Each structure stands twice: as C-alpha cells, then as structure tokens.
Amino acid sequence: MTTVRDARYDVLFEPVRIGPVTARNRFFQVPHCNGMGYRDPSALAAMRGIKAEGGWAVVASEETEIHHSSDVAPYIEGRIWDDRDIPSHLLVTKAIHAHGSLAAIELVHSGMAANNMYTRIPPMGPSHHPTSGDLYPIQARRMDKRDIADLRRWHREATVRSVEAGYDIVYVYAGHNLSTLQHFLSPRYNNRTDEYGGALENRARLLREVLEDTLEAVDGKAGVACRIVVDELIGPSGFTRAEMVELLGMIGELPDVWDFVVGAWPDDSVTSRFAGEGQREDLIRGLKDLTSKPVVGVGRFTSPDTMARLIRQGVLDFIGAARPSIADPYLPRKIEEGRIGEIRECIGCNICVSGDFTMTPIRCTQNPSMGEEWRRGWHPEVMRPRHADDRILVIGGGPAGLEAAMSAGRRGYGVVLIEETRELGGRVTKEAQLPGLAEWRRVVEYRAAQLDRMANVDCYFESSMSAGEILAYEFNHIAVATGASWRRDGVGVSRAGPIGFDDPVDVLTPDEVMSGSRPAGERVVVFDDDHYYMGSAMAELLVGEGLIVTLITPEPEVASWTQKTMEQHRIQGRLLDLGVRIVVSYTADRVTGDGLVVRCTYTGRERTIECDAAVFVTSRLPNEALALELFDLRDEWGSAGLTSVRAVGDSLSPGSVAAAVWDGHRFADDVGRSAEPIPFPRNVGAI
C-alpha cells in the first residue's frame, strides 16, 4: 500500500542552513548520553547511524570531554582528549554520513560538575566550591587566568580534532549544570570580582571567547552550535530567562544555531508522570525572535501536529529530540512517508536515562533494539526473515508476549497469540491506570495496532490452554509470557524470608489494588521494598481516594531506584504535598493486631506503625506453572512437532517493562537459530 506525506507536515521537511552546512529537514537529534561513549565506539556508531537512516537530519553525540582535567568517571561519556580518540569518532561520523545526515559533537569541559575520579586531578571552576556532581568529599578550585587560557586552548584543539574526525557541527555547551561555561555564566557558582565575574557581560565573557575561538577553529568547515540553559529555575540566585534575553542581545548572532535547554538535566527530561509533551514551551517561546540564527528546542515531542505548530508559530526552527529519537529512530521517515500510525511514541519512563547512570548500554521500553544495533544486529524496523514455515504460539498478551508475537510476525512466521482476559497489555494495562502512568499505554497500543495489520498473526481472547492441549495443536515454537504476580509474604530486597503474622490483618498486593480491591479501614501502610515506581504509585492512588497513608521503606528515601530515572525528588515531593506520611530506613518485621512492627535499618530498634491494613510492594514471583508443565512433557515434543519452549519476560524473571519487551524481542529473534550467537561482542582494548 502506497502512502504519501500529509501536506500539513511539509514544513517539517524543509532544509535549514546551519552556517556552512545544510540540514535536509527540521529533525534534530540533540546530544544525549547512552552508557556506551568512549568504551563502545562500534556500538555507538551503529546506534547513531540508525538514527540517520531513520531520517534525522542532524545526529549529535553525547557530551564529549575535551581534556582529562574534566573527567566524569565512572560515567561513560565521549572523549576527544587527544588524536588517539579520532578513529573512534570517525566510526560515528561515517555511520551518520552514510545516510546523508549531519554529524554534530557536543564538546564539554565539565569543571566543577566532574569529580575527576579517574584522573585524580583537582576539579576546577569559576570559584572555590564543592563539586556539583555526585556527592564526594571533593571541592573544585578557583580557576586563574592561566587556567582560563588553558580551557580556551583545549576547546580549540578539540574543535580541530572534531573537524578532522568528520563532524559537521561543533557544539559549545553551557547547559544542564554540567559545563564550566554555564558555571561561569551563573551567579550561583560565579562569585568572581575580576573581568569574568559580576555583571552578566563579565560572566558571559568566557562563553563569548570560546564561541569566537570555535568559529575561528572550524574555519568555515563546520557549523557552530551553542547549547545553553535559558533559565536555571532557581530564581535570582541563578541564570534567569531575563538574563538570557539580555545575553542574546550581546551574542545572539555569534553561533550558527542555538540549542535551548531549561534547568538541569532532570528539568529538561522530566518523566511523563510529571510532565506532558512540550512542558517548557513557555520558557523557549519568544527567544527565536531575538536572533536571526536557527533555534533548536526539545519537549519530548511525539505528535507531528505539535511539531508543525511550533515551526509555523516561529517558536523553533528545528524539532529537537533525544527520547523520542530513542523510542523511534524512524520517526521522521514515518511522518515523511505518511505512516503516522506506525510511530513508536516515547512513553517518558526515562529507562533510557538509567543506562547513563548505571554505565551500561542504553535501553528503551518502546524500542528493544536500542543499544543492540551492533551487539546483536537488531534493527528497529527490520527483522531477519523466517527460517522455515514454522508456527509459533505465544501465551500471554502482556508486554513480552505482544513484542514476541509482533516481532515473530514481522519475520513472516504464522503466529497465534492467546490471552486469558478480554484485553491485551497484561501488567501495562493495569499500571497505566495508576496516577501519572497513562502514557505507558502506548506500549500496548503500538503493538496491538501492528498486530491488527498482520494477516499471519491471530489473537484469541478469554482463552487458556493446558500443556497437553498445547501439544495437540502442533506448534513448532512456544513463548510462555504469563507474567508474574506480586508476593503477599513481604519477601523483597531487604528480607530473604516472609514477614511474620501474629494476628489476621488485611494485607493486599499491588495486583489486588490494581484489580479494584481496597484496604479495610482508613489507615493503610504501604511497605515499599521494591524501590522503583510501584510503592509510591500505590501510596499516591490510595491517598487520592481519601485514605490515611503511611509509606515505609528500608531506604533513606522513597523510590530510591528512580534516582536513575531522574524523578525521585519529584516522587517524594508529590507524596509529601499529598499528605503521605513517609517513614524511611525501616523494614517491616511482623504484623500484629496493633499494626505493622518495623525495625530500623541501622539500629535494629523496633516501633509499631498503627494501621488497619497494609499493601506490600516487595517482589514478584513468575507465573511459571505452565512453562514447567511443558518442560515436564519434553519427551512428547518430538511427536508433536515442537522444537522449542521458552518462558519470556516476567514469567522467566520479573523485571521492568523494558526488560519484558526486550526479552520478547529476543525470543522472536532467536527462533530458528542453529547455534547461540556471540552474546557480547565488544571493542576489546578500545581507548
């Protein structure tokens, strides 16, 4: 079926000039981290190359360190410290250029945002100040004039290397509280009294000098971008939008393109639980009028209508994206080819961000191929063709089962998906009803829509089968995607054994709450030993229904793992605003007639939290009974024509939704392989 682009979106495919180079359309993959950086250059190149193939006119690197005096170890970012780094960057630029896109590099000197744990060189910044990155007993020293001259030289040298490595656009970075240039710009950190401190003109002096240096160093061979914070969101003690307006009056015509960001990284990449599409438009709107140069901005844009509106209204010249380009590297091509319904929309869960914080290759809930383009040869749009006319049965329509059925169907296999309820989605359908998680429905909606288009995939609802019945249908491969169930006994991270029950008490699991059950009485305790989003979501749901809620966690803060998705502070703040009582550093010990007895994580001292009921958010058990039954009948597989059975997703190992989708994809990719592929190819000895 031939499709054509909707004329409303023609404006998105106009070329835009950036200094000496031209972007073929208005889609701009802004710099984003990926947990691969200098360590995994081949994987990085493959990932960026797919973005170019998918139609992004500009594909940018992550922040790239220009010198060893600014080392963000243990985090894995880019490096262009010296000429030895150039070959790795050439891999990236060649992959991007192969599809006609421009390659951009974001150069950074992180200064007081870097602890230099690898190089052990004392960090430096505009003033004597504790480092602003992870909490270490380290302070940044005040830069003198020689240090400032060195920084300018290092940036020029890195710029020359960037051009030699094939980059078409070189960034000057002053945003996200991660750059020395922003630290000089901000009165929050800059208390100097020389020509680099005080009035805005002085605080902006180093930024102006580096911009001028970079323009001179590229020598007309590359465009120069400036990524800058337009408001630090901390009031007059920081750099404000009013000062940004003043700054554009000073240097608005210097760079070839402006890339506007807001606040620190957690402010610029807010999860969907706390912000919708285009959250910061009000702070960006109007700045484009103050410069003749093109402007890039982000807002987790997933709607082509929003994108076109922003261009037509003169808010932006480029649609910037990090997370939407991760969820669907082919987003521009799908809009261009009139395939809007095939876009995998970002759900704003920030599991992609966790790759940076865990120093592991990037991952995505919607796009299981993200980070696996080189390592496993996965492509977001293309699957290997089927190896034979085999039939596949997928049992369970949750995230793993949906991905397994869709991906196997794309390979050309005949697929039957059976689901025991009336609707697809499993845990996602339930969790999307919790406060702030509605956009997670996109995981189900995208896959259900694709399955509807596949003549070789059949879905059956309100269906269940025993192991014996399954063997009678002569399937060749079976994916058991029956999910997992929350435990009632309290076993979790902090407890290897069950919680004691001295008296009968109303105890519920998240599954029961999401299915409509509610605790008895008004006073309910949520014991969170899971530390991701579920405990806080339970508390928010119940307090919103008028219950008196206490959330207890063994950790020193609520939902501690969500530090890695940059939303922990918002989660805890919202619960406090809603009136949830928070008890940290306590582990549930036993239930009595008076309530829940808890024990201090540090001292072991006991206290009783009075309550009428409890919700235990601790850990889950795989629903593995059917898979085990099938394995017990292994001797009968041959006569039934059955080659393989595998539990996938939560029914194998309960984890995140992203992990379930990835495992469903792995099942589909593995069907028909005669031998196990090399699991982890890597750049051994990469600089």
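Biologist: Is F27 buried or exposed?
Modeller: This is a predicted model in which local features need pLDDT of at least 70, side-chain atom pairs count only at pLDDT 80 or more, and totals for chains, interfaces and linings use all residues. Residues are numbered from 1 along each chain as its sequence is written, and side-chain values use heavy atoms, with hydrogens and water left out. Buried means under 20% relative accessible area, exposed over 50% and partly exposed in between, with a 1.4 Å probe and protein chains only. The relative accessible area of F27 is 0%, so F27 is buried.

Biologist: How many aromatic pairs does a search of the whole structure find?
Modeller: Rings of Phe, Tyr and Trp (its six-membered ring) pair if their centres lie within 6.5 Å. Searched in this way, the whole structure gives a number of aromatic pairs that comes to 15.

Biologist: Which kind of pair do the rings of F13 and F27 form?
Modeller: Planes under 30 degrees apart count as stacked, over 60 as edge-to-face and the rest as tilted. The centres of F13 and F27 are 5.4 Å apart and their planes stand at 50 degrees, so the pair is tilted.

Biologist: How many residues apart in sequence are the parts that F13 and F27 tie together?
Modeller: F13 lies in the segment before β1 (16-18), whereas F27 lies in strand β3 (residues 27-29); strands are DSSP runs of E with at least two residues, numbered from the N terminus.

Note on methods: Helices (H or I, at least four residues) and strands (E, at least two) are DSSP runs, numbered from the N terminus.
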